[in-house]
Amino acid sequence: MVAAPPEFGWGVLDTSPLQALRREAEEDVDLMERQYPAHRQSAPHAPRRFWQRRGSLAGAVAAVVLVCAVGAFVARTAASPRPAGATIDGFIREEGGECAKTFQDNCAALPVPCCDKFTTCFEKSDGHAYCRPTCALGAPDEAPPWDIEADLKPWTCRIIEPPGKDSSPAPAPTPAPAPAPAPASVPAALPGLPGVPAAPVVPMAVPVAPMVPMAPPAIPAGLLGGPAAPSPPAPQPATKEPEPTPAPAPQPVSGPSMYCFLVALVRGNEPELLRRQMASKTGVFGCDTYSIFSERAMVLGHGSDGLVKSTEIGGPMSTVKENTADFLRAYSKLIEAGHHKVHEWTIKVDPDTMLIPDRLRTKLGKKEVDTATEAVYFRNCAKYDSLQGPLEILSQAAAVKVFDSLEECKSSKKINQKGEDWFMGHCLEALGVKGVEDFDLLDDRYCTERAPDKQCQEDKAAFHPFKTTESYTLCLEHASKEDNKKA
């Protein structure tokens, strides 16, 4: 085996056929000596010299073939693009190579922006963009010194797209020319055969592919004794302004309709969790309609229904249990949208809740509740016989009643003193909304105290808490295995 030149290093030349030819010549020498011992005694060197000459000839042929192979290899390599592995701006990006490192590399510096499937190339400022799961518009309130937002400068959050990828419609293909009508066949005598009519000649329309101009391949400097041809300028990546995306329209599904919402931080682990949920259509992304609220408008990237963007509620948001004020701001936006008035169930989900929407829809479909007239919510924690915040489920009548009466609950010191789940549970009770026990909906570790590896094997609709993408994905895998066993 002969190694390829290091500057083209992605393979080796296979010389095993040439080596086999050489071994064959050497074996023939030994065979000749065994077959002609008398001749070897009278002229001991004649056969060996003859076969050695043959072996030398084979070696010469092998050398010529090897030189030609190396020359062809070098010429082909010079005419082809540089393979995956070429470093650009400190990281690898070519066809089949690695993408920009999340939160580290400037993905806008690449001819073809590239991030992994759970991140998007978001622009910070002109010429600077980074792969990240989400991007919050504007300037952050604070950030640690090592963070890419440490300068507290605003982000445009434009998505840097590969060249040519935009939302404009593709040009209509040019129709192929219609074939010319075939002339009427006229019998004619074949030469030399009078009276035998010839077959009619029918012209055929042959479609011709349009000529596409191709740029000449770049030749490495010094390969042909001169400077390298200048490379054509790389196409500039397109940028796309993030446009607000309305909540996805309800799709026909089997079971009751569900409107889901959540309130998320723009920093920390929650943006990464949301990208995993969007990719797997779990959490709120599997509901008929959903809303995401955050202190700043946050772009999550392209989902199945287009560009996904959260609704801004202002901040800064709290990271402690006393977060009722944050949710009250979100409730005001929820009321403006009015989705809770048109769906049978309104469901609040925490970002670190692993919700399987199809399971929940099946369970709710078995409830004998007239959601339009019966105001009902579910107490989902047996330990405290309470409504737990990771999954709050209200019938349509209950949702309308509580969101129309928020001011009454806000003015009560008993209700408005702790976290959001305390506020919602006690507000529902004060308004006379019926609480129904159902401990088969949520497995909250703070209630069940079940180990994480046991939680997701239960036939529940939701599991909490899973604060990392690794634990969330593992829980989803366990739950999927259980579903497959039942199928």
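**View 1. The disulfide between C260 and C287 in the predicted model**. A search of the whole structure finds eight disulfides, and one of them is formed by C260 and C287, whose sulfur atoms lie 2.0 Å apart. Because the torsion about the S-S bond of this pair is about -75°, the disulfide is left-handed. C260 belongs to strand β12 (residues 258–263), whereas C287 sits in the loop between α4 (270–280) and β13 (289–294), so the bond ties together parts that are 27 residues apart in sequence. Both C260 and C287 are buried.

**View 2. The disulfide that joins C409 to C427**. The S to S distance in this pair is 1.9 Å, and with 75° about the S-S bond the link of C409 and C427 is right-handed. The pair connects distant parts of the chain, with C409 in helix α8 (residues 406–410) and C427 in helix α9 (residues 420–430), 18 residues apart. C409 has a relative accessible area of 1% and is therefore buried, while C427, at a relative accessible area of 0%, is likewise buried, the cut-off for this class being under 20%.

**View 3. The disulfide formed by C456 and C475**. Here the sulfur atoms of C456 and C475 are 1.9 Å apart, and the link, with -100° about the S-S bond, is left-handed. C456 is found in the loop between α11 (452–455) and β23 (462–464) and C475 in helix α12 (residues 469–486), and the pair thus links distant parts of the chain, 19 residues apart. C456 is buried, as is C475.

Technical notes: Residues are numbered from 1 along each chain as its sequence is written. This is a predicted model: local features need pLDDT of at least 70, side-chain atom pairs count only at pLDDT 80 or more; totals for chains, interfaces and linings use all residues. Side-chain values use heavy atoms; hydrogens and water are left out. A disulfide is a pair of cysteine sulfur atoms within 2.5 Å. Helices (H or I, at least four residues) and strands (E, at least two) are DSSP runs, numbered from the N terminus. Buried means under 20% relative accessible area, exposed over 50%, partly exposed in between (1.4 Å probe, protein chains only).
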